[in-house]
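We will go from the whole chain to single residues, one selection at a time.

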Amino acid sequence: MGKIVTCTVHKGGTGKTTLSVALACYAVKQGLSVAIVDLDSQCNATKQFIALDQVGECLTASDLFDMTDLQTKTVCFVPHKKGDIEPDNVLHDSLDNAVKHRFSVIPANDVLLSVERLPIESASIFSKNLRSLSEYFDLVVCDTPPTKGFGMLAPLMASDYAFSPINPDAFSSDGVASLFEKIRAIKEEKNKKLEFLGLVINRLNTHSPLQKQVANYMKEQLGNNVISQVIAERSAISNSAFSRRPVWYQARSGSTRIAAKEIKNTMKILLDKMEMNEA
Ligand SMILES: Nc1ncnc2c1ncn2[C@@H]1O[C@H](COP(=O)(O)OP(=O)(O)O)[C@@H](O)[C@H]1O
Ligand SMILES: [Mg+2]
């Protein structure tokens, strides 16, 4: 059975999708078999790998809230060359062939908007399905919406691990206490095995002494709850979302190389903390 990790924080724009996508790509590059589950109806993670009209009848994240047998649907697999995922070349195949393809996208769609109105049992159905899905992969990465509803709760109920990107600005630290409280409550009431890997300080403005101070203060105050590698705000990272290739792909310029190093170091730390070594 593979491990499940959820990237979550109830705030938009902090880097959830960027880091979920980077973790999935990095893990594939390390030889692991990976599924990324996109729980945000904005479909940003999905669109990094497949065009929405390529989904067809394949399994979607919203299906996980009401399906009883995952085997009844095909899933979207995306091929990769030398570990680099090649967007848009979607294959539809059965879950039994997950080992062969090694990278699957469980896409988001508009139906996710209505899961917030489902009864609470649906979150349990979702977590059961997520666990079944994890039997076919080494790692399942869940990207979540910026809200505190089902899209956040349901994956955390089934996850082994969670991590949260945070920006070192004036408002983000306000949300840390409520994030920790939410994780603590889920761990206590719903999922004892959930382990928090840490906050990832992302989008640090390296020209801002104040932001550097905030980042250092977070590290000092929160100790092991902060991942030691900080990721700076760099155009190479936002550009990589446009090109739909990881930032380390053909990284030539100095600043792209630094961005690639920061992202890869962070992903390595996360995989090490999950005790996931190369396949
Ligand atoms: N370290 C970074 N440097 C530059 N741009 C970033 C960085 N991290 C994220 N971004 C950009 O910021 C925007 C929001 O990031 P995203 O991952 O979509 O956040 P979320 O999923 O939490 O809403 C995106 O345009 C993304 O490309
Ligand atoms: Mg997002």
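This tour starts with the overall fold, then visits helix pairs and a few individual residues.

**Before you select anything**

This is a predicted model, in which local features need pLDDT of at least 70, side-chain atom pairs count only at pLDDT 80 or more, and totals for chains, interfaces and linings use all residues. Residues are numbered from 1 along each chain as its sequence is written, while chains are lettered from A and ligands numbered from 1 in the order in which they are written.

**Stop 1: the whole chain**

Show the protein chain as a cartoon and you will find 10 helices and 10 strands; helices (H or I, at least four residues) and strands (E, at least two) are DSSP runs, numbered from the N terminus. The radius of gyration is 18 Å, close to the 19 Å that the globule rule gives for 279 residues, so the chain is as compact as a globular protein of that length. That radius is taken over C-alpha atoms, and the rule is 2.2 Å times the number of residues to the power 0.38. Along the principal axes, the C-alpha atoms fill a box of roughly 55 × 45 × 30 Å.

Now colour by burial: 48% of the 279 residues count as buried. A residue is buried if 20 or more other C-beta atoms lie within 10 Å of its own, exposed if 12 or fewer, and partly exposed in between, with C-beta atoms placed from the backbone. Among contacts between residues at least 6 apart in sequence, 76% join residues at least 24 apart; two residues are in contact if their C-beta atoms, placed from the backbone, lie within 7 Å.

**Stop 2: helix α6 and its partner α5**

Select residues 150–158, helix α6. Nine of the nine residues of α6 are buried, so this helix is largely enclosed by the rest of the structure. What covers the buried residues of α6? The cover includes β1 (3–7), α4, α5, β8 (139–143), β9 (161–166) and α7 (172–189).

Axes here are lines fitted to C-alpha atoms, for helices over the stretch in contact, and angles run from 0 to 180 degrees between N-to-C directions. Angles under 35 degrees count as roughly parallel, over 145 as roughly antiparallel, 65 to 115 as roughly perpendicular and the rest as oblique.

Show side chains for the contact: α5 brings Ala123, Phe126, Ser127, Leu130 and Arg131, and α6 brings Phe150, Leu153, Ala154, Pro155, Met157 and Ala158. These residues divide into nine nonpolar, one polar and one charged. In this scheme Ala, Val, Leu, Ile, Met, Phe, Trp, Tyr, Cys and Pro count as nonpolar, Asp, Glu, Lys and Arg as charged, and the others, Gly among them, as polar.

**Stop 3: α1 against α10**

Next, select residues 16–29 (α1) and 254–273 (α10), whose axes are 10 Å apart and pack at an angle of about 75°. The two helices are therefore roughly perpendicular to each other. Look for Ala22, Leu23, Tyr26 and Ala27 on α1, facing Ile263, Lys264, Met267, Leu270 and Leu271 of α10 in the contact. This set divides into eight nonpolar, no polar and one charged.

**Stop 4**

Most residues other than glycine have a negative phi. Which way does phi go at Cys43? Phi of Cys43 is positive, near 60°. Cys43 sits in the loop between β2 (34–38) and α2 (44–47), and counts as partly exposed with 19 C-beta neighbours inside 10 Å.

Move on to Arg102, which has a positive phi of about 70°. Arg102 lies in the loop between α3 (98–101) and β7 and is buried, with 23 other C-beta atoms within 10 Å.

**Stop 5**

- Lys82, in the loop between β4 (80–81) and β5 (84–85), is exposed, with 5 other C-beta atoms within 10 Å.
- Val111, in the loop between β7 (103–106) and α4 (112–115), is 70 residues from Ser41 in sequence and 7.5 Å away in space, C-alpha to C-alpha.
- Phe196, in strand β10 (residues 195–201), is in contact with Ala162, Ile183 and Asn225, leaving aside neighbours within four places in sequence.
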